[in-house]
Amino acid sequence: MPPIHRSSIHTTLVLLVFTLMMAPFVWAQNGTATADTPATGASGAHTAQDARFVMVASAAGQTEILASRLAATRSQSSKIKGFAATMIRDHTKANDQLKSIAQKDGYTLATTPTQTQEAAIAKLQSLQGKDFDTAYASMMLSDHHAAVALFQSESTSGNDADLKGFASSTLPTLQHHLALANAL
């Protein structure tokens, strides 16, 4: 098992803080302060957990695509470039599926990455070659740990059947991404 780098720990902590910071926003959108209490949305009852899942997953998916597009031009590693192509393909497909569910069931998608995610992308934009590869690999590892946890939680504890199905069907792909990121 590779050693844990300070940047990986920092990124994981930043993602955790972001997730906790998103909770009040989602609660305010849904008019509820608990994840188990349904709130009325455009298509019926939404829980704060389901709405939070849609916001966090959509922002994270956008971030993976943006970071991976950078890898196509800034990486010097064919392994990183191949991984990035897989991220773009798989996360575009997942984002399209989530968008379809959100539109059908009346959920709000994130329109941009979070400020923390934008800062991580800005950091990548300032790097080239090996430095880029190291930062990108660390980001992908941290992001996919968080994504697997998010999708596992939704697949087991979500209220919306469409979102639970999406999370369950997408989880194996994210677990595969995590394994690939571990090998970078």
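Guide: Let's start with the term itself: a salt bridge is a side-chain nitrogen of Lys or Arg within 4 Å of a carboxyl oxygen of Asp or Glu. One thing to keep in mind is that this is a predicted model, where local features need pLDDT of at least 70, side-chain atom pairs count only at pLDDT 80 or more, and totals for chains, interfaces and linings use all residues. Residues are numbered from 1 along each chain as its sequence is written, and side-chain values use heavy atoms, with hydrogens and water left out.

By that definition, the structure holds 3 salt bridges. Take the one between aspartate 162 and lysine 104, whose side chains meet with 2.3 Å from N to O. Aspartate 162 lies in helix α6 (residues 161-182) and lysine 104 in helix α3 (residues 78-105), so the pair ties together parts that are 58 residues apart in sequence. Helices here are DSSP runs of H or I with at least four residues, strands are runs of E with at least two, and both are numbered from the N terminus.

Lysine 104 has another partner too: aspartate 105, with the closest N and O atoms 3.0 Å apart. Through shared partners, then, Lys104, Asp105 and Asp162 are joined into one network.

How covered up are these aspartates? We call a residue buried under 20% relative accessible area, exposed over 50%, and partly exposed in between (1.4 Å probe, protein chains only). Aspartate 105 counts as buried at 8%, while aspartate 162 is partly exposed at 29%.

Now for the salt bridge between arginine 89 and aspartate 90, where the closest N and O atoms are 3.1 Å apart. Aspartate 90 is buried, with a relative accessible area of 17%, but arginine 89 is exposed at 53%.

Let's step back to the whole protein. It has 6 helices and 2 strands, and from the N terminus on the elements run α-β-β-α-α-α-α-α. Of its 184 residues, 46% are buried.

The protein averages 82, and 76% of the residues score at least 70. Over residues 6-43, though, pLDDT stays under 50.

Technical notes. pLDDT = per-residue confidence, 0-100. Contact = heavy atoms within 4.5 Å.
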